[in-house]
Amino acid sequence: ILFAWKKSLNDDDYHLYEMNVTTRHIRQLTSGPGVADYEGCYLPDGDIIFNSTRCVQTVDCWWTEVSNLYRCNKDGRFIRRLTFDQVHDNFPTCTWDGRILYTRWEYNDRGQIYPQPLFQMNPDGTGQTGFYGVNSWFPTTIIHARAIPGSQKVVAIATGHHTRQPGKLVLIDPAKGREEHEGVQLIAPIRDTPAVKVDKYGQDSDLFAYPYPLSETEYLVSYNPDGWKNKNNFGVYLMTMDGQKKLIVSDPKLPCNRPVPLVARVAPTPRPSHVDYRMTDGTCYVQDVYVGPGLKGIPRGTVKTLRVIALDYRAAGIGENRNAGPGGGALISTPIAIGNGAWDPKIILGDATVQPDGSVFFRAPARTPFYFQLLDSNNCMVASMRSWTTIQPGENVACVGCHETKNSTPVIASAASPATTTETLHPFYGPPRGFSFPREIQPILDRRCVNCHNDRHRYRLFSDEVLDESAKRYWSRSYLTLTRAEIRQQKGFAGDPEHLLVNWISAQSAPPMLPPYSAGSARSKLIEFLDKGHLVKPLTTEESDKLKAWIDLGVPYCGDYRESNAWTEAEQAKYDRYQAKRDRLAAEERAAIADYLNAP
């Protein structure tokens, strides 16, 4: 039996252990000071996938440690990271055909409450892709998912965001659809399943957790008929889809959770790994960017470039501001932009050419979270991916189009694609770097604008710094002017993403897919003024491209988490401590990968 154990409140953290059922002997598999390893799951080849805080990240919208998915062998050796995600991954389980299901919480350029969808991948970390609800309001959160034996259907818990994990029992059938309530059915009993927008979903009346499907109609499940009125009354039940129940075990003092049948079963066939840790990159191929709803209504030939943008994640939380919009509202810890601006630093890795037939094929760095933007002939954003993907070393990943449904198949091409060889990304005016307003935009304003846009002008574009005590940042006067930022409720500066001057995708934009050209540089009056001759001498191509990129990236100010900080010495030391911990654990992982490559 694989389990996580924390032996001491203050002197230990959760690590993986294994108990031999016959002898009751317990052996420790993982260890390490200041890291938590938990939610372990056996893989078909005997390895283990598990959650861990070894990534040393802090949640964007709070102060909590982040967990990502890792893999080790049966003895806890060769620990290596599989996911490189913004915030938590939860509850990995292995399907009967050898895939991994898990919950991924994600909110790149959109609200943080609702996008907690179900993801899938191969046991080696390749093929990371959405399974259900990536662009949905509903279910708010999908957790505790397990595949039904011999079926593509899944049983899971639909729950809320600002809640604990128990919620309502649902059956998910991706063949019926993959968003909102298309393929979700409330069961036990079977009843109407409306697609609702509720933060604390599923917390009324009875509660379910940790279902284990025996078939499509029978489940072992943790169940509490009293709900939160009696939080300890979780017992293990045998339950049918229509709600018939038989109590298996309960305890009057302690909740009983997470039933796992101790029974011999046919293990899934191990999938051969396609990861080559000797490599540092992989390839990405899109058959036709115009296929799928992502570019609905956009004429062929509009898109010229696919831009690849990496994300960076905070090691510790220092300072805060707030955002608000259609997707909700949140605190932002260690903010790198005014409220409603980007959650995380944006790093332009480079651009790839979109061929006339819509195809694009390029190399990209492995083990790096990145997302895509499609640009037109003016280098303005047509559409943006408000999520991210990660490829493993040597992986070749492909998609049909932009946000096409996972139930679709590749389109039949009338001729061979021009994108037959991989392209190296074209750099964005220098090596990849975090996009910094002081380094990229302010020099343009100093050269071109401040002579007129001075203290006597409505739009002051000086570089003088303004202290934001809540965010613990120094923003420039020009940055606050262009983003129309104001102090809101003494919680730091928040900008106006809907303003006509500079219009960007809000950090609190709604989960459903945005139409092309719904926001960005193509809609910003600032770019229109400049294109129509606002300046006596027009901007150079580089200057224009940088201004457009800044808007399309969500108006970031800092290129990294340390830039323009107003931290105390103690806060500097805190961030240094967590960064050093991250660096130490990353070095340990590199050594483990080297050992893995040299193992017999």
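Predicted model: local features only at pLDDT ≥ 70, side-chain atom pairs only at ≥ 80, totals over all residues.
Biologist: How many bridges join strand 21 to strand 26, and which way do the two run?
Modeller: Six bridges join strand 21 to strand 26, residues 370-375, and the two strands run antiparallel; a strand here is a DSSP run of E with at least two residues, numbered from the N terminus.

Biologist: OK, and what joins strand 21 to strand 24?
Modeller: Strand 21, residues 305-311, is joined to strand 24 by seven bridges, again running antiparallel. Within strand 24, arginine 307 has aspartate 351 as its bridge partner, and alanine 310 has isoleucine 347.

Biologist: What's the strand order in that sheet?
Modeller: The order is 24-21-26-27, an open sheet of four strands with antiparallel pairing, where two strands pair if DSSP finds at least two bridges between them. Strand 24 (346-353) and strand 27 (381-384) are at the edges with a single partner strand each, so one side of each has no neighbour in the sheet. Neighbouring strands are turned by 30 degrees against each other on average, direction ignored, with axes fitted as lines to C-alpha atoms and angles running from 0 to 180 degrees between N-to-C directions.

Biologist: Is strand 21 itself buried or exposed?
Modeller: Seven of its seven residues are buried, so strand 21 is largely enclosed by the rest of the structure; buried means under 20% relative accessible area, exposed over 50%, and partly exposed in between, with a 1.4 Å probe and protein chains only. Thr305, Arg307, Ile309 and Leu311 point one way from the strand, whereas Leu306, Val308 and Ala310 point the other way, and all are buried.

Biologist: Switching to the core, which residues have the most contacts inside the largest one?
Modeller: Phe362, Tyr479 and Trp550 do, in a nonpolar core of 76 residues, that is, a set of buried Ala, Val, Leu, Ile, Met, Phe, Trp, Tyr and Cys residues joined through side-chain atoms within 4.5 Å. Strand 21 supplies the largest share of this core, five residues.

Biologist: And what is phenylalanine 362 in contact with?
Modeller: Leaving aside neighbours within four places in sequence, phenylalanine 362 has contacts (heavy atoms within 4.5 Å) that include Leu306, Val308, Ala352 and Phe372, as well as Gly282, Thr283 and Cys284. Apart from this core lies another, of 19 residues, among them Ile48, Phe50, Cys61 and Trp105.

Biologist: How many bridges join strand 10 to strand 11?
Modeller: Three bridges join them, with strand 10 covering residues 118-121 and the two strands running antiparallel. Glutamine 120 has threonine 129 of strand 11 as its bridge partner.

How values were computed: Residues numbered from 1 in each chain as written. Heavy atoms only, no water.
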